[in-house]
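Have the viewer open while you read.

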Amino acid sequence: MTATLLSAKSLSVRFGGVLAVNNVSFDVKQGEVFTLIGPNGAGKTTVFNLISRIYTPTTGEINYLGPKGLVKLTGQAPQDVAALGIARTFQNIELFEHASVLHNLLIGRHTHRQTGFWQDILFTAAAREAELQSREKAEEVIDFLNLQHYRDTFVVGLPYGVRKVVEMARALCTEPKLLLLDEPSSGLNVEETDDMAFWIQDIQQELGISVLMVEHDMGLVSKVSDRVLAMNQGEVLAMGTPREVQSDAGVIEAYLGSLDDVSSLRRPAGASPHSSAGGAV
Amino acid sequence: MRFIFKTDYRQDLELAKHGGHRFWYSVLLLLLLAAPWLFTEYWLAQLTFVLIYSIAALGIMLLAGFTGLFSLGHAAFLGVGAYTQSVLTNAGVPFPFALAGAGALSAAVGWVVGLPALRVKGIYLGMATLSFGFIVEEVLARWESVTGGNAGIHIKKPDVFGWVLETEIEFYFLCLVITVVSTLGILNLLRAPTGRAFVAIRDSEISAQSMGIHLARYKTLSFAISAALAGVAGALYAHKLQFISPDQFNILQSIDLLLMIVIGGLGSVHGAFLGAIFLITMPQLISMVKDYLPAVVGQAPGLQGLVYGLVLIAFVLFEPMGLYGRWLKVRTYFEMFPFYRKGMFKRQKSFQKSDRLK
């Protein structure tokens, strides 16, 4: 039985009159790929923003097994989350656009900085050494995700698909224990989505990083996920393996509507399908 | 076209990336060292002003160009530095200590002014800093026991532990040393984690935060460094003019300072220097050309303001990357001749960002 890395207990968030997340609980175990699915507005990204502390839950708490034991994540400041080993990407890519790819990755090394302000401004031998170490780590990630070609390119000139990978690379540069991916495949073509699936599997298996992701592409979800949590309107619908969740009646209803809804659309029995067509053949 | 063959990560850490850099910056430095014997006294004085404004420009460049925070009241930091220097020097404090005091007090004030920057952004930060500028100008005018009020204050010659810098040439070298040291400091910061954190805040606060960057700490730090440099520039400015009064640190000065870096090219250290050169030489050029213009135009009041305005509009429309951007394009054109094409530096429209988190 592997240890629980992150555990969310009865999370609720209220924005004015909107209950964006309602009593959601789940556990992410060490080394697993855990996926949140659900229709638009289900509250998936809100859950992400709760974990990265951009929002504070109205009720409930998140506990996380950090490098120094269990911490209550909901009591941390947003900028301290990264140092605990949680890195994230954003749904609509938030890269540092007027900087090179390498520069972006080096910013990802911020939590590992060893030098202070005065060492930086004098660029002492220690600062130089720390820079070289950061660079080596960044190069490892560049090799891992095949970004060599784009190393010195400015992000502002990169195509969307590459930006997605760069953002993931930047998150990996923080050397996380838990990686939060917000729709890693959105805007990617089929081939790029396949690459993304491989990389997520590599991240899980080679680097041993647990992944929590939000994703709509069910092909990708069933390929890489160990467990899936389906949400709708801020509430948990189902949790289990991808197969179990996909066959859950509640999930099907949320995505496709219930049988009752469909039957109300049916024409009354006996009516000819062409009767309203005005006799046109 | 130059291709740099990289074999070591250390190469990327060097300030001079290749032989060409080393050669041309050495030439520049030699030229600056020889300047007192190459230029007339008048132009040496102008060059001294360029150096002084470059120091201030470096500070604002760090704040606006690299951290993305605009200050419309930067002349206030210049004023705090100038007055601190005057008061301390006149009290007999040696120049290095007085300068350190001027920088430190400006930095402290900058830190305090940086606090609202944690809450307000863009135009609202501009308004906050603008009103701060007015407050400081008013304080300098009203606090007569210290500042001498609107009558202004005279400042003694800089005194470095008994060595009084009497001549223009000595003062020029003092400014040169301080400029070089400040430039190296800023360049060092920019290649280290601190500078990268500033750039991260400029481009995306939300993801800077999720990378572990303490927004409040780095924003106030940026304000403090920027104000310290403005304070040092103000101190030298006071020594250069030997007489300061509150109206030298009004809103027009603040706008000049901001104009300088926008025209120089936001987000580049070169831009700070090019902007300073522009700001100092432009009035000279205008007064030279004045004589050849018809009297109605040439003698009209506000000609300088008009030209500044037109130049700024022209830059915003045609060359948002400023003088440095123009230089980059010209250089690339010659390096790649005949393969340069027009759209090479065109900025792509950025993709939609997640506005709801801001």
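1. A word on terms before the strands come up: two strands count as paired if DSSP finds at least two bridges between them. With that in hand, look at β3(A), which is joined to strand β8 (residues 210–214) of chain A by four bridges, the two running parallel. Within that pairing, A:Val33 sits opposite A:Val211 of β8(A). Please keep in mind throughout that this is a predicted model.

2. β3(A) has another partner as well. Four bridges link β3(A) with strand β9 (residues 227–232) of chain A, again in parallel. Here A:Phe34 stands opposite A:Arg227 in β9(A).

3. Is strand β3 (residues 33–37) of chain A mostly covered or mostly open? Mostly covered: five of its five residues are buried. A:Val33, A:Thr35 and A:Ile37 point one way, A:Phe34 and A:Leu36 point the other way, and all of them are buried.

4. Now for the overall picture of chain A. You'll find 10 helices and 10 strands there, and the C-alpha trace spans about 90 × 45 × 40 Å along its principal axes. Of the 281 residues of chain A, 43% count as buried. If you take the contacts in chain A between residues at least 6 apart in sequence, 66% of them join residues at least 24 apart.

5. Chain A also has an open sheet of four strands, in the order β2-β1-β4-β5, with antiparallel pairing. β2 (18–29) and β5 (69–72) of chain A are at the edges with a single partner strand each, so each has one side without a neighbour in the sheet. On average, neighbouring strands of this sheet are turned by 20° against each other, ignoring direction.

6. Zooming in on that sheet, strand β1 (residues 4–15) of chain A pairs with β2(A) in the antiparallel sense over eight bridges. What lies across β1, β2 and β4 (59–66) of chain A? That is helix α1 (residues 44–51) of chain A, which runs at about 65° to β2(A).

7. On to the helices, with α2(A) to begin. Seven of the eight residues of α2(A) are buried, so to speak a mostly covered helix. The buried ones are A:Val101, A:His103, A:Asn104, A:Leu105, A:Leu106, A:Ile107 and A:Gly108. What do the buried residues of α2(A) pack against? They pack against α4 and α5 of chain A, together with α9 (193–203) of chain B.

8. Those two chain A helices are worth a look as a pair. The axes of helix α4 (residues 125–144) of chain A and helix α5 (residues 160–173) of chain A come within 10 Å and cross at roughly 140°. That angle makes α4(A) oblique to α5(A), and the crossing is right-handed. On the α4(A) side the contact uses A:Lys137, A:Ala138, A:Val141 and A:Ile142, which meet A:Ala169, A:Leu172 and A:Cys173 in α5(A). By class, the residues of this contact are six nonpolar, no polar and one charged.

9. How many residues of chain A are in contact with chain B? There are 39, and they touch 34 residues of chain B. α2 (101–108), α3 (117–122) and α4 of chain A each supply at least two residues of the side of chain A that touches chain B. The largest share, five residues, comes from α4(A). That side of chain A has 19 nonpolar, 12 polar and eight charged residues.

10. Last, a helix pair in chain B. The axes of helix α13 (residues 269–290) of chain B and helix α16 (residues 322–336) of chain B come within 7 Å and cross at roughly 110°. α13(B) is therefore roughly perpendicular to α16(B), and the crossing is right-handed. B:His270, B:Gly271, B:Leu274 and B:Phe278 of α13(B) make the contact with B:Gly322, B:Leu323 and B:Tyr324 of α16(B). The residues of this contact divide into four nonpolar, three polar and no charged.

Notes. Residues are numbered from 1 along each chain as its sequence is written. Chains are lettered from A and ligands numbered from 1 in the order in which they are written. This is a predicted model: local features need pLDDT of at least 70, side-chain atom pairs count only at pLDDT 80 or more; totals for chains, interfaces and linings use all residues. Axes are lines fitted to C-alpha atoms, for helices over the stretch in contact, and angles run from 0 to 180 degrees between N-to-C directions. Angles under 35 degrees count as roughly parallel, over 145 as roughly antiparallel, 65 to 115 as roughly perpendicular and the rest as oblique. A crossing is left-handed if the near helix is turned anticlockwise from the far one by less than a right angle, and right-handed if clockwise. Two residues are in contact if their C-beta atoms, placed from the backbone, lie within 7 Å. Ala, Val, Leu, Ile, Met, Phe, Trp, Tyr, Cys and Pro count as nonpolar, Asp, Glu, Lys and Arg as charged, and the others, Gly among them, as polar. A residue is buried if 20 or more other C-beta atoms lie within 10 Å of its own, exposed if 12 or fewer, and partly exposed in between; C-beta atoms are placed from the backbone.
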